[in-house]
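Welcome to a short tour of a protein model. Have the sequence and the 3D view open, and follow along heading by heading.

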Amino acid sequence: MKNKLLIVEDDLLLGKSLVRFFSKEYDTTLTNTFASAKNAIMYEDFDVAILDVNLPDGEGTDLLPIIKNSPGNTEAIVVTAYPEVQMAVKTLKMGAFDYVNKPFELADLQLCVSNAMALRLAKQNLGAINAMKNRMSLDCIVGSSRVMNELKQQITLAAQSDETRVLISGETGTGKELVAEAIHMLSPRKERPFMSINSAGLPEQLVESELFGYEQGAFTDARKNKKGLIEMASGGTLFMDEIGDLPMSTQVKLLRFLENGTFYKLGATKETKVNVRIITATHRNLDTLVKEGKFREDLFFRLNVVNLRIPPLSQRGTDCVELAQHYLDKYIRKMNKQPMELTENDKRIILDYGWPGNVRELRNIMERTALFGSLPDLGAKKHNTAAPESAAELCCLKEIEKRHILSVYILSEKNKTKAANILGLSRLTLRKKLEEYGVDDPD
């Protein structure tokens with residue numbers, strides 16, 4: 001989607017010329033009066049506005065306070081045929097981005113607009129970063145099982161060094177980006193950008209340009225210079241999800257960047273140097289990919305300095321119930337509905353279900369639960385528990401025992417004494433069983 005440009009110019013010939021010139025790059029709107037410009041600003045979000053000072057029904061500079069309070073946070077460029085130093089100082093004090101005298105060169109005005117667009121984007125990124133800082137912490141990683149508490153400790157330690165590379169492994173849907181964001185927010189780089197890219201989500205030919213950027217004329221559609229995500233994350237963190245799907249050609253270039261901190265944009269003859277922390281993630285076995293010749297061994301060693309493994313939801317004990325209520329509360333608030341608590345039967349169903357799609361699947365199920373007011377039938381999606389023969393049969397029996405004990409424990413409201421009496425176990429035996437299942441609730 002194109003950025004939006006408002007042109008306020010009462011000289012219709014000049015106005016239409018500007019529209020023709022800028023519409024190649026921006027979604028452009030032309031108004032020629034103070035009233036029409038005010039109406040446009042109040043009801044539409046523009047990235048940049050070019051304001052003529054002398055309008056038939058008012059002064060263009062009087063639009064600056066309106067722009068300042070508009071919903072679009074628009075950057076303004078003031079243009080006039082009557083240049084005065086006092087006017088330039090006044091408009092800048094009123095919040096204008098820049099001041100341009102008529103007659104002007106289109107290239108100069110274009111550069112001014114481009115810089116204003118860049119400033120607005122920077123402000124948006126800063127706002128997004130601040131919002132993320134406020135909401136992102138270890139508290140956002142819901143779960144109190146032993147394995148998750150250990151993971152949170154590892155995240156805290158990994159965050160202390162702002163250079164150490166981290167490889168996050170885990171099944172699809174376990175929340176790898178959430179862990180990467182937590183590392184960033186707990187690190188000394190938290191004031192700088194956090195950028196992310198999914199290596200599996202882009203065509204191979206686009207991955208390199210998205211990562212490293214390109215120079216104008218590098219290829220047919222490269223009409224202007226473009227920064228890549230590595231450069232945009234300068235001083236901060238770049239999270240590369242599904243790193244196992246990174247094309248071999250891009251792996252070579254990434255390895256070179258990791259070794260010396262420099263890279264060439266597409267079409268560039270000069271190196272770019274950037275200080276950025278790389279955090280990667282994968283659901284694939286990189287050791288296997290290396291043996292198959294599909295992933296560079298030297299790159300794997302560079303990335304795998306600290307390895308954090310996120311366990312699947314099926315191995316997190318009663319975390320699934322805690323997460324379910326967390327997401328149910330979230331969607332209830334979002335949909336402005338009455339509070340809803342999971343029933344004991346709901347909790348038993350959630351514990352019995354295998355969650356092959358992990359947290360992502362659970363989140364989607366709870367959104368549906370909030371919408372319809374009841375937990376959907378999960379029976380058809382349960383793991384196959386038909387007992388195989390021999391040694392596998394024992395594993396199945398252990399799984400059945402685990403589910404039964406956890407179900408009774410939840411139904412007993414996590415009262416170990418009560419649950420032990422129901423199960424016919426000693427309290428000590430129950431506590432050891434729960435620890436084995438990854439449940440580390442305080443006594």
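## Helix 8 and helix 10

Which hand does the crossing of helix 8 and helix 10 have, left-handed or right-handed? The crossing of helix 8 and helix 10 is right-handed. A crossing is called left-handed if the near helix is turned anticlockwise from the far one by less than a right angle, and right-handed if clockwise. Before going further, please note that this is a predicted model, where local features need pLDDT of at least 70, side-chain atom pairs count only at pLDDT 80 or more, and totals for chains, interfaces and linings use all residues. Residues are numbered from 1 along each chain as its sequence is written, and side-chain values use heavy atoms, with hydrogens and water left out. Helices (H or I, at least four residues) and strands (E, at least two) are DSSP runs, numbered from the N terminus.

Two packed helices are described by the angle between their axes and the distance between the axes. For helix 8 and helix 10 (residues 248-260), the axes come within 9 Å and cross at roughly 15 degrees. Helix 8 is therefore roughly parallel to helix 10. Axes here are lines fitted to C-alpha atoms, for helices over the stretch in contact, and angles run from 0 to 180 degrees between N-to-C directions. Angles under 35 degrees count as roughly parallel, over 145 as roughly antiparallel, 65 to 115 as roughly perpendicular and the rest as oblique.

## Who touches whom

On the helix 8 side, the crossing of helix 8 and helix 10, which is right-handed, is lined up through Glu204, Val207, Glu208, Leu211 and Phe212, and these meet Ser249, Thr250, Lys253 and Leu254 of helix 10. Sorted by class, this contact of helix 8 with helix 10 has 4 nonpolar, 2 polar and 3 charged residues. Contact means heavy atoms within 4.5 Å; Ala, Val, Leu, Ile, Met, Phe, Trp, Tyr, Cys and Pro count as nonpolar, Asp, Glu, Lys and Arg as charged, and the others, Gly among them, as polar.

Helix 8 (residues 204-212) has Val207, Glu208, Ser209, Leu211 and Phe212 buried. Buried means under 20% relative accessible area, exposed over 50%, and partly exposed in between (1.4 Å probe, protein chains only). Just after helix 8 comes glycine 213, with a positive phi of about 80 degrees.

## Helix 13 and its two partners

Helix 13 and helix 15 pack at an angle of about 45 degrees, with their axes 8 Å apart, so the two are oblique to each other. Their crossing is right-handed. Helix 13 contributes Cys320, Leu323, Ala324, Tyr327, Leu328, Tyr331 and Ile332, while helix 15 contributes Val359, Leu362, Arg363, Met366, Glu367, Thr369 and Ala370. The residues of this contact divide into 11 nonpolar, 1 polar and 2 charged.

The axes of helix 13 (residues 319-334) and helix 14 (residues 344-352) come within 9 Å and cross at roughly 125 degrees. That makes helix 13 oblique to helix 14. This crossing is right-handed. Here Cys320, Val321 and Ala324 of helix 13 meet Lys347, Ile350 and Leu351 of helix 14, a contact with 5 nonpolar, no polar and 1 charged residue.

## Cysteines

How many disulfides does a search of the whole structure find? The search finds 0 disulfides, a disulfide being a pair of cysteine sulfur atoms within 2.5 Å. The sulfur of cysteine 140 is 20 Å from the closest cysteine sulfur, in cysteine 320, and that is too far for a bond. Cysteine 140 counts as partly exposed at 27% relative accessibility, whereas cysteine 320 is buried at 3% relative accessible area.

## Loops to look at

A cis peptide bond joins lysine 102 and proline 103, with omega about -5 degrees. Proline 103 sits in the loop between strand 7 (98-101) and helix 5 (106-135).

Glutamate 242, in the loop between strand 12 and helix 10, has a positive phi near 50 degrees although it is not a glycine. Glutamate 242 is buried, with a relative accessible area of 9%. Tryptophan 355 lies in the loop between helix 14 and helix 15 (358-372). Its phi is also positive, near 50 degrees, and tryptophan 355 is buried at 2% relative accessible area.
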